Amino acid sequence: MARSKRIQPADIPVVILAGGRGARLMEETVSIPKPMTLIGNKPILLHIMQYYRSFGFRQFFVLLGYKGHAIKEYFLNIHKYVADVRIKGAQMSYEYDSATLMDMDINLVETGEHSLTFCLTYGDGLSDIDLKAELDFHLRHGRLCTMAAVHPPARFGVLKLARTGRALFEEKGRARHDYINGGFMIFRREFLRRLPASGNYSLEGEPLTRLGGDGQLYCYRHEGYWQCMDTMRDRETLEETYLSGQAPWTRPAPSS
């Protein structure tokens, strides 16, 4: 019997939710959608796409909403933002940065029609999660959804108290015992049949809650780097990490 073709990252569309207003980032999002907020010299949306691309994913479907025209304008004119420009006499020439464009198939607004599996993440979080290992985990367990479970960054330092009153203080880092939805999800296409045909709803509401209740939600535990961008302080943290030259999401993907 012929063996079925093993699914590859290049065959799987990546859906990125990019329609959020970013109410707690109003300093940045008055004129642009949250995923277009710059980390270094490029929007967090492009950082996310490049990270997926480093694992072999190349089909991207960006779902637009609030100020979606800004995302369209950016990708329609991406050479203006990422290319080196040489001006010689009356002529202007562009040199494309192939490391930035990375052979991506970018679709704005609508999702693919034929893939049995698709990835989905939020346009406001970065990580060094092993996407290949998560995909392998998803294909093994056979349920409808795999979600990245991550430790949330702690907002405050932690006090450890003894009965005597003695205390130890730990600088804020990451909550070591709690897990939250870190995005970087993988779905089987049957999940789409469970979504309401009309109306507004939150993915984190009934859709994922029902999946969990039906035993169709599995979590891939990620113990490494993860950082969302909910506030200006979060954006500054990401910016500092990126400008340090040691950003975990820019490191080469693990070899197979």
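This is a predicted model: local features need pLDDT of at least 70, side-chain atom pairs count only at pLDDT 80 or more; totals for chains, interfaces and linings use all residues.
## Starting at Arg53

Let us begin with a polar contact: a polar atom in the side chain of Arg53 lies 3.4 Å from the backbone oxygen of Asp103. Arg53 belongs to helix 2. Is Arg53 buried or exposed? With a relative accessible area of 18%, Arg53 is buried, because the cut-off for buried is under 20%.

## The chain as a whole

The protein chain has 256 residues, and buried residues make up 40% of them. Its secondary structure comes to eight helices and 16 strands.

Contacts can also be sorted by how far apart their residues sit along the chain. Of those with a separation of 6 or more, 73% are between residues 24 or more positions apart.

The largest nonpolar core holds 43 residues. Helix 2 gives the most to this core, contributing seven residues. Apart from it lies another core, this one of 14 residues, including Phe61, Leu120, Leu144 and Leu211. In soluble globular proteins, nonpolar side chains tend to be buried together.

Which residues have the most contacts inside the largest core? They are Leu45, Tyr52, Phe57, Phe75, Leu131, Leu238 and Trp249. Take Leu238 as an example: leaving aside neighbours within four places in sequence, Leu238 is in contact with Ile39, Ile44, Leu126, Tyr225, Gln227, Cys228, Met229 and Trp249.

## Helix 2 meets helix 3

Helix 3 spans residues 68-76, and its axis comes within 12 Å of the axis of helix 2, crossing at roughly 60 degrees. The two helices are therefore oblique to each other.

Which residues meet here? From helix 2 come Leu45, Leu46 and Met49, and from helix 3 come Ile71, Tyr74 and Phe75. The residues of this contact divide into six nonpolar, no polar and no charged.

Helix 6 covers residues 131-141, and its buried residues are Leu131, Glu134, Leu135, Asp136, Phe137, His138 and His141.

At its start, a side-chain oxygen of Asp130 reaches to within 3.2 Å of the backbone nitrogen of Lys132. Just after the helix, Gly142 takes a positive phi of about 75 degrees.

Tyr218 lies in strand 15. At 29% relative accessibility, Tyr218 counts as partly exposed. Leaving aside neighbours within four places in sequence, Tyr218 is in contact with Phe137, His141, Arg143, Cys145, Thr146 and Met147. Tyr218 and Arg143 are 75 residues apart along the chain, yet their C-alpha atoms are separated by 7.2 Å.

His222 is found in the loop between strand 15 and strand 16 (226-228). How exposed or buried is His222? At 8% relative accessibility, His222 counts as buried. The His222 side chain reaches the backbone oxygen of Tyr225 at 3.0 Å. Leaving aside neighbours within four places in sequence, His222 is in contact with Ser127, Asp128, Ile129, Ala149, Val150 and His151.

Notes. Residues are numbered from 1 along each chain as its sequence is written. Side-chain values use heavy atoms; hydrogens and water are left out. Buried means under 20% relative accessible area, exposed over 50%, partly exposed in between (1.4 Å probe, protein chains only). Helices (H or I, at least four residues) and strands (E, at least two) are DSSP runs, numbered from the N terminus. A polar contact is a pair of N or O atoms within 3.5 Å; within protein, one must be able to donate a hydrogen and the other to accept it, and residues adjacent in sequence count only if both atoms are side-chain atoms. A nonpolar core is a set of buried Ala, Val, Leu, Ile, Met, Phe, Trp, Tyr and Cys residues joined through side-chain atoms within 4.5 Å. Contact means heavy atoms within 4.5 Å. Axes are lines fitted to C-alpha atoms, for helices over the stretch in contact, and angles run from 0 to 180 degrees between N-to-C directions. Angles under 35 degrees count as roughly parallel, over 145 as roughly antiparallel, 65 to 115 as roughly perpendicular and the rest as oblique. Ala, Val, Leu, Ile, Met, Phe, Trp, Tyr, Cys and Pro count as nonpolar, Asp, Glu, Lys and Arg as charged, and the others, Gly among them, as polar.
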